[in-house]
Each structure stands twice: as C-alpha cells, then as structure tokens.
Amino acid sequence: MATKNLSEYDLTSVPSAANMKFGIVVAEWNYEITGVLAQGAVNTLKNHGAKEENIILKHVPGSFELTLGAQYMAEFAEVDAVIILGCVIQGETRHFDFICQGVTQGITNLNIKYNKPFIFGLLTTDNQQQAIDRAGGRLGNKGDEAAVTAIKMLALKNDLTAIKKGQLIAPFLLLHLLLPFSINPDLRRQACGLVHFFSFLHAFSASRHTI
Ligand code: DLZ
C-alpha cells in the first residue's frame with residue numbers, strides 16, 4: 001500500500017528533458033482517472049524542459065491495448081521513451097488479473113526489445129477511491145511519477161552512452177600523441193589526416209546521438 005505522495009520529489013534531482021522526445025499512451029477505460037494521469041505527465045515533462053512538439057500523446061481503448069499502442073509509438077513516432085498510463089480497477093471477475101499480468105509482461109518485453117525506457121504508469125487498484133487518491137488526490141499523481149522516471153532513465157542512458165563514446169575515442173587520441181614520433185614524413189602526414197578525419201566524424205556523431 002503506497003503511503004508516499006507520488007508527486008513529491010526533489011526537483012533538483014531531475015535532469016533537463018530539453019533534448020528528449022516522449023510518447024505517452026493513455027487508456028480510455030476509467031478516463032476520469034487516466035486523463036488526470038496524462039495531464040500530470042505532460043505538465044511534469046514540460047516543467048523539466050521538454051518541448052511541446054517533443055511530447056506525442058495517443059489513446060488506446062483499454063489497458064490491455066497499452067502494450068501494442070506503446071510498440072506503435074516506439075516504431076512509428078521514433079520517441080526516446082514511452083510513458084504508459086492506464087487504470088485497472090478490481091471487479092467481480094478475474095479480468096483484472098489477466099489484464100494486469102498481460103500489460104506488465106508486455107511492457108517488460110518492450111523495454112528489452114527496443115532498449116528504450118517504457119514506463120509502467122498503470123494503476124492497479126481494489127476500488128475507485130484508491131485510484132482517485134493516486135490521480136491527483138491525497139497520494140499525488142502517478143502520471144507525475146511516471147514522467148520523472150522516464151526523464152531519469154533517459155539521462156542514465158545518456159550518461160552511459162557518453163562513457164562508451166569516451167572509451168572509443170581513447171585509441172584515436174593515443175595514436176595522435178604517438179604520430180609525431182613517426183619517422184617517415186609522408187606516412188606521418190597521411191596518418192595525421194586520417195586521425196583528424198575520424199576524430200571529426202566521431203565528435204559529429206556524438207553531438208547528434210546524445211540519447
Ligand atoms: C474489459 C475491461 C475491464 C472489465 N476492466 C478494465 C479496467 O478496469 N481498466 C482498463 O483499462 N480496461 C478494462 N477493460 C478493457 C480491456 O483493457 C480491453 O480494452 C478489452 O478487454 C478489449 O481488449
């Protein structure tokens with residue numbers, strides 16, 4: 001049982017979302033809840049610098065359709081991360097269990113298949129009041145939490161990508177340092193040109209692919 005407010009966090013702990021592109025997939029079932037989750041997610045992304053044109057929001061009929069909707073979003077909208085928002089409320093039958101299980105497994109698979117963050121913003125509650133509490137009520141908004149999670153996961157990916165690029169450029173730098181000691185002047189000139197060319201290519205691609 002959640003006790004913390006989902007919308008309370010240290011603002012300074014969240015990186016800038018200025019260069020990130022997000023997809024948000026929202027289930028229409030229980031829209032009085034999921035609409036509030038979506039609004040919270042959009043506001044939070046914008047508060048952290050995401051541009052309006054870099055937030056693509058689409059709807060699917062129910063939570064069961066969230067997985068495929070999220071896959072469409074990753075394939076056709078070329079977003080960096082997908083935020084998945086739905087609300088499943090326990091009823092009299094076991095429908096609840098099957099939907100929750102299907103979506104959870106589906107989203108887990110998408111994370112691995114696309115190597116992108118697909119954020120699980122699905123409320124799975126015993127009743128309507130528990131959902132209201134988590135959609136702008138006394139426990140905050142799960143949509144805010146999902147947005148912050150998306151930003152943090154992309155920042156993590158950026159950090160690790162930068163480390164990998166740094167490791168790749170190291171051999172070029174080493175070669176650059178050793179070249180002046182080469183004896184043959186022609187060879188030295190040609191090799192210098194090549195090193196400069198590849199360093200430029202590398203720096204160019206690093207500047208274009210920070211996410
Ligand atoms: C059918 C159904 C039921 C009973 N309950 C919910 C729910 O609480 N939350 C939700 O998002 N969707 C529900 N659905 C619809 C299913 O997710 C799905 O849209 C249909 O089974 C059609 O595939």
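1. Glutamate 78 counts as exposed in this predicted model, because it has 10 C-beta neighbours inside 10 Å and the cut-off for exposed is 12 or fewer. You'll find glutamate 78 in the loop that links helix 2 (66–76) to strand 3 (81–89). Have a look at its backbone too: phi is positive, about 50°, although glutamate 78 is not a glycine.

2. Next, asparagine 30. Here phi is near 55°, again a positive value in a residue other than glycine. Asparagine 30 sits in the loop between strand 1 (22–27) and helix 1 (31–47). Buried or exposed? Asparagine 30 is buried, because 20 other C-beta atoms lie within 10 Å and 20 or more is what buried takes.

3. Helix 1 packs against helix 5 (residues 142–178), with axes that come within 7 Å and cross at roughly 40°. The two helices are therefore oblique to each other, since an angle has to be under 35 degrees to count as roughly parallel. As for handedness, the crossing of helix 1 and helix 5 is right-handed.

4. Which residues of helix 1 and helix 5 make the contact? On the helix 1 side they are Val36, Leu37, Ala38, Gln39, Gly40, Ala41, Thr44 and Leu45. Helix 5 brings in Lys142, Gly143, Asp144, Ala146, Ala147 and Val148. Sorted by class, the contact of helix 1 with helix 5 comes out at 8 nonpolar, 4 polar and 2 charged residues.

Methods. Residues numbered from 1 in each chain as written. Predicted model: local features only at pLDDT ≥ 70, side-chain atom pairs only at ≥ 80, totals over all residues. Helix = DSSP H or I, 4+ residues; strand = E, 2+ residues; numbered from the N terminus. Axes fitted to C-alpha atoms, helices over the stretch in contact; angles between N-to-C directions. Parallel < 35°, antiparallel > 145°, perpendicular 65-115°, else oblique. Left-handed = near helix turned anticlockwise from the far one by under 90°. Contact = placed C-beta atoms within 7 Å. Nonpolar A, V, L, I, M, F, W, Y, C, P; charged D, E, K, R; others polar.
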